[in-house]
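Biologist: I should like to learn how to read a structural model feature by feature. Could we proceed from confidence to symmetry, and then to the sheets and single residues?

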There are 2 protein chains.
Amino acid sequence: MAEIARDNKQMQKLAEELRLAGKRIAFVPTMGYLHEGHLNLMREGRRRADNLVISIFVNPTQFGPGEDFEKYPRDFERDERLASEVGVDTIFYPDATSMYPPGYQTYVTVEEVSRNLCGRSRPIHFRGVATVCTKLFNIVKPHEAIFGKKDFQQLVVIKRMVKDLNMDLEIVGVNTTREADGLAMSSRNSYLEPEERNSALSLSRGLKIAKELYDRGERDASVIIKAVRDFIAGHEHTDIDYVKICDTETLKDVEKIEGESVVALAVRVGRPRLIDNYVFGEPLDIP
Amino acid sequence: MAEIARDNKQMQKLAEELRLAGKRIAFVPTMGYLHEGHLNLMREGRRRADNLVISIFVNPTQFGPGEDFEKYPRDFERDERLASEVGVDTIFYPDATSMYPPGYQTYVTVEEVSRNLCGRSRPIHFRGVATVCTKLFNIVKPHEAIFGKKDFQQLVVIKRMVKDLNMDLEIVGVNTTREADGLAMSSRNSYLEPEERNSALSLSRGLKIAKELYDRGERDASVIIKAVRDFIAGHEHTDIDYVKICDTETLKDVEKIEGESVVALAVRVGRPRLIDNYVFGEPLDIP
């Protein structure tokens with residue numbers, strides 16, 4: 001079974017001892033309620049390092065008012081079992097008070113890349129993500145940290161932060177894990193009612209439409225965006241937050257697809273707000 | 001002579017090697033133009049650690065528009081000699097472009113403690129300080145970092161940041177080094193014209209007045225502040241930015257001096273804006 005560390009100082013001391021012993025640490029930060037997508041990040045970490053640490057922490061500072069912090073799904077015992085099965089050495093499992101004690105007041109902001117896409121409807125989200133990752137990196141002291149490409153903007157924000165703040169670790173992005181029908185795995189899929197499930201597929205299928213247009217030579221972002229929007233809007237229970245095509249580094253909207261670009265979308269399907277994305281030119285395994 | 005590292009990656013690699021070899025690193029960040037105050041910080045570091053690293057970097061992000069970034073005094077050759085004389089092992093001496101390359105966009109903000117005192121007239125100053133210290137700590141990987149108590153608010157901001165972001169290092173505060181006549185040492189004293197020098201003494205002498213009132217039992221902050229303001233304002237060439245009495249941890253203004261409190265002041269004397277402070281109950285060596 002994986003060892004459980006609940007105390008910041010205990011985890012940090014363990015990490016420092018591992019480093020001094022010459023061990024390589026891989027780290028997968030999570031909010032728990034693990035699914036196959038998380039487990040694939042852990043398998044990648046397991047392959048890369050001597051010690052694999054994950055964190056399970058539903059981070060309050062990345063949820064805005066009215067978002068699903070309170071209701072975010074949690075099941076630590078199941079998480080512990082799944083993590084142990086894929087070979088996690090240590091689960092860092094702090095409580096919110098130890099991470100944000102009274103008087104807490106320090107935040108890390110990654111400015112431009114946090115503004116577009118999800119940053120528009122979730123204005124403090126990426127500040128919360130950057131801050132908690134800084135804290136977790138300082139506690140876990142990883143040589144590499146592994147993130148899913150499903151949260152594309154998060155990956156860009158973290159990479160930018162690590163570079164800008166000279167953090168001495170490598171950020172590794174891992175391809176999105178999908179259900180057999182193409183739905184990107186997400187803890188929030190558990191919110192979907194049975195009758196909404198088919199509508200949720202409109203996200204990944206919308207990306208496939210974008211890919212097909214691109215592969216046939218379309219480079220006008222507005223044409224692709226319109227096709228994807230129309231397709232998704234044609235499904236019941238869907239409420240589109242955004243469909244955008246952006247430069248993969250700056251996350252600024254592009255009109256013509258020239259450099260490396262990503263089509264990213266966020267759609268409320270019944271209760272959950274789901275996200276997905278596709279980088280043009282890459283493979284996309286959707287039936 | 002001290003070794004000079006100009007490259008972030010080179011410095012970071014050296015620091016990691018030192019840590020892996022079990023060496024203890026002390027770090028003194030400076031903006032150069034070293035004086036006896038800086039050298040006392042370095043002597044403290046020399047006593048505490050196996051390896052003493054200093055940085056010399058006039059950090060653009062902590063200067064506001066119209067402040068003295070361009071004109072800040074610089075003399076690297078003299079700094080190198082002085083640092084070597086007190087036993088500095090490595091001088092980290094980066095250029096601004098390597099610290100803030102194009103596309104740079106990440107900032108660390110320590111909110112409440114940055115707002116009062118110098119934060120009022122220098123609104124982005126402590127964001128710049130917190131950000132560059134985060135970067136320097138990530139590059140130099142010190143076990144302890146040594147700061148002067150002359151920059152009292154800076155010390156509070158950095159301590160709060162280190163605690164909040166779980167940075168694994170100790171912040172050490174060292175007493176202010178003063179000229180024989182009591183003037184707190186500062187690189188900016190070099191801006192003083194000869195006829196302003198006596199007026200500059202009104203800062204430290206004002207603190208002495210505050211101490212004497214406190215020692216005689218005065219606990220009403222407004223009474224002490226008025227006495228100090230009147231004394232300083234009675235000197236030519238002085239323009240008071242603030243005289244305040246604050247809680248030493250929160251830096252919030254106090255009306256009655258009960259918990260640990262500091263009287264802090266900022267005064268423009270001719271060209272330079274000078275600062276000084278005194279924590280009630282501590283010794284104060286001013287003639």
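Biologist: What confidence does chain A have, and which scores does the predictor give the complex?

Modeller: This is a predicted model. Where pLDDT is low, the predicted coordinates should not be read in detail. Here, chain A has an average pLDDT of 97, and 100% of its residues score at least 70. For the complex, the predictor gives an ipTM of 0.97 and a pTM of 0.97.

Biologist: Which rotation superposes chain B on chain A?

Modeller: In general, two copies of a chain are related by a rotation about an axis and a shift along it. In this case the rotation is 180 degrees, the shift along the axis is 0.0 Å, and the RMSD is 0.0 Å. The two copies are therefore related as by a two-fold rotation axis. Within chain B, the residue that comes closest to this axis is V108(B), with its C-alpha at 2.3 Å.

Biologist: What is the strand order of the open sheet in chain B, and which strands form its edges?

Modeller: The six strands are arranged in the order 1-4-3-2-6-7, with parallel pairing. Strand 1 (3–5) and strand 7 (170–174) of chain B are the edge strands, each pairing on one side only. With direction ignored, neighbouring strands of this sheet are turned by 25 degrees against each other on average.

Biologist: With which strands does strand 6 of chain B pair, and why is it described as largely enclosed?

Modeller: In a regular strand the side chains alternate between the two faces of the sheet. Strand 6 of chain B runs parallel to strand 2 (residues 25–30) of chain B, with two bridges between them, and F27(B) is the bridge partner of A145(B). Strand 6 of chain B also runs parallel to strand 7 of chain B, here with five bridges, and I146(B) stands opposite V172(B). Four of the five residues of strand 6 of chain B are buried, so the strand is largely enclosed by the rest of the structure. Helix 7 (residues 152–164) of chain B lies across strand 6 and strand 7, at about 165 degrees to strand 7.

Biologist: Chain A has a hairpin as well; how many residues lie between its two strands?

Modeller: Three residues lie between strand 9 and strand 10 of chain A, and G270(A) in the turn has a positive phi of about 65 degrees. The two strands are antiparallel and share seven bridges, and R268(A) stands opposite R273(A). Strand 10 of chain A is largely enclosed by the rest of the structure, because five of its seven residues are buried.

Biologist: Finally, where is L39(A) found, and which residues does it touch?

Modeller: L39(A) is found in helix 2 (residues 36–48) of chain A. This residue is partly exposed, since 19 other C-beta atoms lie within 10 Å, and a buried residue would need 20 or more. Leaving aside residues up to four places away in sequence, L39(A) touches L34(A), L82(A) and V86(A). By contrast, R6(A) is 33 residues from L39(A) in sequence and 21 Å away in space, C-alpha to C-alpha.

Terms used
Residues are numbered from 1 along each chain as its sequence is written. Chains are lettered from A and ligands numbered from 1 in the order in which they are written. This is a predicted model: local features need pLDDT of at least 70, side-chain atom pairs count only at pLDDT 80 or more; totals for chains, interfaces and linings use all residues. pLDDT is the predictor's confidence in each residue, from 0 to 100. Copies are superposed by least squares on the C-alpha atoms of residues with pLDDT of at least 70 in both. Two strands pair if DSSP finds at least two bridges between them. Axes are lines fitted to C-alpha atoms, for helices over the stretch in contact, and angles run from 0 to 180 degrees between N-to-C directions. Two residues are in contact if their C-beta atoms, placed from the backbone, lie within 7 Å. A residue is buried if 20 or more other C-beta atoms lie within 10 Å of its own, exposed if 12 or fewer, and partly exposed in between; C-beta atoms are placed from the backbone.
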